[in-house]
Amino acid sequence: MKRFLVPLSKSDESDESVTSKKIRKSSTTISVNNRDIQNNIFDISQNVENGPNQPNITFPRRNIGGKQRAFNVLWYSKYEWLEYSKMRDSIFCFYCRHFTSDNSGYRDEVLIVNGYSDWKHIGNMLEKHNSSNIHKLSLEKYKSWISAKKTGSVATKLNTQLKEDILKNREIMKSLIRCVLYCGRQDIGLRGHRETNNYIDDNDDDNLKTHIDPFQNNGNFIELVKLLGLENDDFKTKLNTLPKNAKYTSKTIQNEILNVSCKVILKSIVKEIQNGSNFYSIIVDEAKDESNIEQMGICVRYISDNRINERFLGFLELKELHAKALADSIQLFLYSINLDIKNCIGQSYDGASVMSGTINGVQQYIREMSKNPCPYVHCYAHRLNLVLVDASKHVSAIHNTIGILEAIYSFQSCSSLRNSLFLESQEDSDKKLKIPQHCEIRWVSKYKGIHFFKIRFKSVIKALKECTLSKKSKEAAEARGLLNQFATFDNLLTIFCLDELLLCINSLSVYLQTKSTDLSKCITLIECTKDQIKSMRTENKFHDLYEKVIKSVEEISGEISIPVTEKRKKNVSSKLTDYFVKSSIGQNQMDNISEHEIKMRKLIEAVEACNPSSKMFLDFDTLIKLPGISKDNQFIEKLRAQCDLGKKMFAADSNSIEAYLSIKSMGASFLQLEEVYRRILVIPISSATAERSFSTMRRIKTYNRSTMTGKRLHNLALLSIEREKSEELIQNPDEILNEFASNKLRRASHSLCEATMAAIRVPVPPVAAASFAIIAMQILKKKKMQSKQRRRWWCRHLFQQRLQYGNRLMKDMQVELIDDIIKNFTRMTLEDFEYLASLVCPKITRMNTNMREAITARERLALTLRFLATGDSFTSLQYLFRISKSSISGIIPEVCDAISDSLQEYIKVCLQINVFLYLKTNVFK
């Protein structure tokens, strides 16, 4: 870790970088070689890696005790720690030289510093030294060093243990995340009335003292965690090893997991849009929730992985309901999830004036914000429903029949006895069916209701007859009135007609609500449905239907009388004698066509031109009318040529989607035509996806959960609706866990980055760092001795607002990930800061109290590093960090001690400056 305490000049920095590379080869070279350099001994081992220097030469003889004596090479085999210096003709102890400190107190330093050369008494000397305590201690240190090389150093072992703890914590968190996702996907509440956040360990006596009511409902999440503990002993054991204040099962953690999960899902959707067509359309609708809060559901339609996708993005609480506020809310939401509104090329809403207004509607504001034509499509499912509703109101027979059927449903649904009576009346049928509820805006439900009364007509009459015998006069009168109106031939005929008609329309209604629809298929199906309805307006078709009604009446055995009517001759006007009538259906001439209708006709024509089964397939003059197409001359010419080629190449495809896939498979040959198809396929058909989200909203935000916040509703709805994405997260929650771990510092580490950085880095701080730390400590001691002013306030109002308006510099710099900013501020890189924080933060972290929240460990570390880097006064620092100088005076010494304790095995202080200069100029030059 370079320059983590003080700034260095450029010259010092370059010298330090060269020197540190040499020093990194041996962590003990400087401290050992001080004595050797003083005594000019350079031919023995300079570090532990070299091993003892044991030359096998002709050793020089000297006159000792009246005899010529010399060193004998046999001593090497008896004492393996011996090493011989030819310069001094002396022996040394390899272990003691490298593993005995200068202040060890060992008196006989002859084998460490000066060397031993009395060959007469060498045997006694070696035996005495070999049995000394200092030598044995040095030998143990050497063995430990050898073991550390094989199994890793203390730091490596700590890093390994840290990694194991992190992996254990991650396994626990994965299970907890899956529990949260499960509850969210199943639309069930996570929390109970009272959540007991203690997971009891049966082997822990202290935990057994905590009273927990076993019959109390602690919520689905806590109960699910307990169930996992019962099924998996390993999970239970690991969860119980976590600190009591870091179980990660609280409501705050639940909300955070939900937030992170939805953030990951939205990132995935945005990534699909950006990697796919990069174009998208928005689908929006509004509805009230259980708390009478207006919620806006926002969905997007785009192409990804060669298919059309419609995804739910979330709910927005609306405070204002005018068009400008709605449009601003949509734009702000898209911006918050990193979607550029300029890439929005289509929009679909219902027909409300606030949404569809061409002057001050939402569609116009979105068009201005996106700066492109962005055509608005009135939801086709709504339009079909509006046509049916309007038609039913103008045909009295249909209107009356539907009113009778709705009255019968209301009559039987308001009493459980009547409901059971209607079910029992179907005893002759294979399956008992309930009467479907009618809904004015859902004509699929009307078809189900009409079909029920068609096949259960006899059973309904039987049930109404039994109700007429009720002792309750009001009930009997209502039943008689309903029976008289229901059991008529005209009513039965209308039911049969509606059943045939709605059966024909039902396929179109269902198709318009699917997600994978495209506009060309929709238009084709609409035309086919119209043709089928026209084909039903024949005498033969009506005659067949009339016969079916008569046959049904005969089965009822006299309950309904069949009307007998004579056919009368039709009187034809004399004015029509010279005319031939093709159709009896009138045709309305629209003299005034709105601008929106003109644009929609151009859009529909362009869509038709993309359908291989259309006569206008790839007609250039029609395609060029598509809104948003580039008017660049080069683009137009290329598109014209590609249309001419594509008419023959892609005519065999059955629909627009297959044609798009064929065009895309051609690569860069048809880029312009591919863009046209992308724009057309992204255009939405209906707002059914947004409407379906409100069904999920009502399942989630019920009466019992009516106090749910909008953010939590948004998170739970996204997990429930986007089941494909949430299923991927349940299978592999690593992405959620990584995001969760990076949000803030956790009491229990879950980030693999901490273990990875600790394992792959071998930080060797500069030698001068310790000197600067010592100087800093002296400055602090001097400041402590100064007299303190008498306190006038317990805490200034300026510092009380630290959490609201305080120092966010480190957090903002981390978000931007600009290394130069952090380097200028703390004199170290972001990587070095994170590594130092992983070592120091556990030692300086303080717990929050009921009175106030503690200053975080990262703030403490950043404050200290800023002080050591700049030497600013405490007064200056208190305005920068919003921390009082009295607190600063206690924080900086504490953090310095923690840094010293954490890095003590890496720091070697050179106390003799001349040795350092010698190494700099001679050894490492």
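Analyst: The model is predicted, so local features need pLDDT of at least 70 and side-chain atom pairs count only at pLDDT 80 or more, while totals for chains, interfaces and linings use all residues. Residues are numbered from 1 along each chain as its sequence is written, and side-chain values use heavy atoms, without hydrogens or water.

Helices are DSSP runs of H or I with at least four residues, strands are E runs of at least two, and both are numbered from the N terminus. Just past the helix, Lys371 has a positive phi of about 60°.

In α42 (residues 874-881), the buried residues include Phe874, Leu877, Gln878 and Phe881. These cover an arc of only 105° around the axis, so they lie on the same side of α42. The arc is taken from the directions between the helix axis and the C-beta atoms. Arg882 follows α42 with a positive phi near 60°.

Next, a helix pair. The axes of α22 (residues 489-511) and α23 (residues 519-535) come within 10 Å and cross at roughly 175°. α22 is therefore roughly antiparallel to α23 (over 145 degrees; under 35 is roughly parallel, 65 to 115 roughly perpendicular, the rest oblique). Axes are lines fitted to C-alpha atoms, for helices over the stretch in contact, and angles run from 0 to 180 degrees between N-to-C directions. Leu501 and Tyr511 are among the α22 residues that meet α23, where Leu525 and Ile533 are among the partners. Contact means heavy atoms within 4.5 Å.

Then a hairpin. Strands β3 (residues 82-85) and β4 pair antiparallel over four bridges (pairing takes at least two DSSP bridges). Four residues separate the two strands, and Asp89 in the turn has a positive phi of about 50°. Ser85 stands opposite Ser90. From β4 (residues 90-93), Ser90 and Phe92 point one way, Ile91 and Cys93 the other, and all are buried.

Overall, the chain has 44 helices and nine strands. Of its 925 residues, 46% are buried.

Key:
Buried < 20%, exposed > 50% of the residue type's maximum accessible area, 1.4 Å probe, protein only.
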